[in-house]
Amino acid sequence: MVMKKEHPQGLHLKECIDSIKSVEGCFETIGGIFKGHLGGITHTCCKTLNGLSDNCWPTLFPGKLYLRITIKLACL
């Protein structure tokens, strides 16, 4: 019997995106962070982003591990 290994991008991708999009302006704020704009992140957006599962980060932002730390610092 061969066990299938689940591809990391299949892990809760829709739920990750839906969580971010459920907070007004949060998805756009993330786009701003890529451009160096750290201001304007709301408490609700911070709470949502900091509550994402560990599987969401590499799936949503591959190769951008710094983004999670940047968001955590911006939310302090």
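Student: What makes Cys26 and Cys45 a disulfide?

Tutor: In this predicted model, the sulfur atoms of Cys26 and Cys45 lie 2.0 Å apart, and because a disulfide is a pair of cysteine sulfur atoms within 2.5 Å, the two residues are counted as joined. The bond itself is covalent and runs between the sulfur atoms of two cysteines.

Student: Why is the disulfide of Cys26 and Cys45 called right-handed?

Tutor: The torsion about its S-S bond is about 70 degrees, so the link between Cys26 and Cys45 is right-handed. Cys26 belongs to helix α2 (residues 26–34) and Cys45 to helix α3 (residues 43–50), so this pair ties together parts that are 19 residues apart in sequence.

Student: Why does Cys26 count as buried?

Tutor: Its relative accessibility is 1%, and because buried means under 20%, Cys26 falls into that class. Cys45, also at 1% relative accessibility, counts as buried too.

Student: What makes Cys46 a buried residue?

Tutor: Cys46 has 9% relative accessibility, and since the limit is under 20%, Cys46 is classed as buried. A disulfide joins Cys46 to Cys75, with 2.0 Å from S to S.

Notes
Residues are numbered from 1 along each chain as its sequence is written. This is a predicted model: local features need pLDDT of at least 70, side-chain atom pairs count only at pLDDT 80 or more; totals for chains, interfaces and linings use all residues. Side-chain values use heavy atoms; hydrogens and water are left out. Helices (H or I, at least four residues) and strands (E, at least two) are DSSP runs, numbered from the N terminus. Buried means under 20% relative accessible area, exposed over 50%, partly exposed in between (1.4 Å probe, protein chains only).
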